[in-house]
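Dear colleague,

Here is the structure I said I would pass on. My notes on it follow below the view.

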Amino acid sequence: MSLYTDQISHLNALQRVDDSIHAIQMELEDAPAKVQELEKTFAAQDSHRNWIKDKIKHLQDQQRRLNYDIKDEEARLENSRGKLMHVQNDQEYQAIMREIDIMNRQNLTREEELSALREEMVKQEENLAGQEKDWAAAKQQMEEQKEGLENHLAQCKKDLEGLELQRKEVGNAIEAPILRRYEFIRDRLRHPVIVCADNGVCAGCNMMLPPQVFIELQRGSSILSCPSCQRLIFWSGNISTDDAASDAPAQKKDA
């Protein structure tokens, strides 16, 4: 194996480690959004449950007010009925009777309103009972999913530690100037760093290489970069299939 193919092979091995690191880093970066989505879904359930509870409380307040008004009106009615025992003329009697009639009609309206409130209360309490079950199930599901996600992330971090050690070991087999070049590209460009350029097309940016660059690449005399995306490139004809890096489309590396 020539020095060129040896270094390309090691670079591809490093890229495969970095592929795994990149995948884990993406999961770790996406984790907060996943947690927020779980909490957002539960918050909607919780908000609806609280809305029903607030409505029931409002109905209860209305019931208490109506009961108080009905009792207060009954006390006034009793007082007015007592006045009838002491009327001295028909005019005074008719005035008290009109007063009693008005209070009776007001209380009748309140009783009807109270009956409607009781019916609505029963309806909302049934809604709340069903909502409580849904809320409890949603809460349990959220907690289980968050716990599962936390466990997965803990394993990811553990795997990441192992990959970093593996990366250091693989990097020791690459000549320092080449490794520095790889690291420079890795820190500043998109993932991946080294890609295949068969048929004269860079697999990283899908741009056609200048003919002279592709001819030089096929010679396998030096490690080249794509003029368009600056990734390291190689021709698969110079190395074994097992040593080739992934040709998957480039993914943006977040800052």
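The sulfur of Cys 202 has its closest cysteine sulfur in Cys 229, at 3.7 Å, which is too far for a bond. A disulfide would need the two sulfur atoms to be within 2.5 Å. Cys 205 is in no disulfide either, as the nearest cysteine sulfur, that of Cys 226, is 3.7 Å away. The count of disulfides in the structure is 0. Please keep in mind that this is a predicted model.

Cys 202 is buried, and its relative accessible area is 0%. For Cys 205 the relative accessible area is 24%, so this residue is classed as partly exposed.

Next, the sheet. It is open, has 3 strands in the order β1-β3-β2, and its pairing is mixed. The edges are formed by β1 (194-196) and β2 (224-225), each of which pairs on one side only. Between β2 and β3 (residues 232-234) the pairing is antiparallel, over 2 bridges. Leu 224 has Ile 233 in β3 as its bridge partner.

Helix α1 covers residues 3-84, and Tyr 68 is found in this helix. How does α1 lie relative to β1 and β3? The helix lies across both strands and runs at about 120° to β3. Tyr 68 itself is exposed, with a relative accessible area of 59%.

Most residues other than glycine have a negative phi. Asn 206 is placed in the loop between β1 and α4 (211-219). With a relative accessibility of 57%, Asn 206 is exposed.

Gln 230 is not a glycine either, and its phi is positive, at about 70°. This residue is in the loop between β2 and β3, the two strands that pair in the antiparallel sense.

Regards

Notes. Residues numbered from 1 in each chain as written. Predicted model: local features only at pLDDT ≥ 70, side-chain atom pairs only at ≥ 80, totals over all residues. Heavy atoms only, no water. Buried < 20%, exposed > 50% of the residue type's maximum accessible area, 1.4 Å probe, protein only. Helix = DSSP H or I, 4+ residues; strand = E, 2+ residues; numbered from the N terminus. Pairing = 2+ DSSP bridges. Contact = heavy atoms within 4.5 Å. Axes fitted to C-alpha atoms, helices over the stretch in contact; angles between N-to-C directions.
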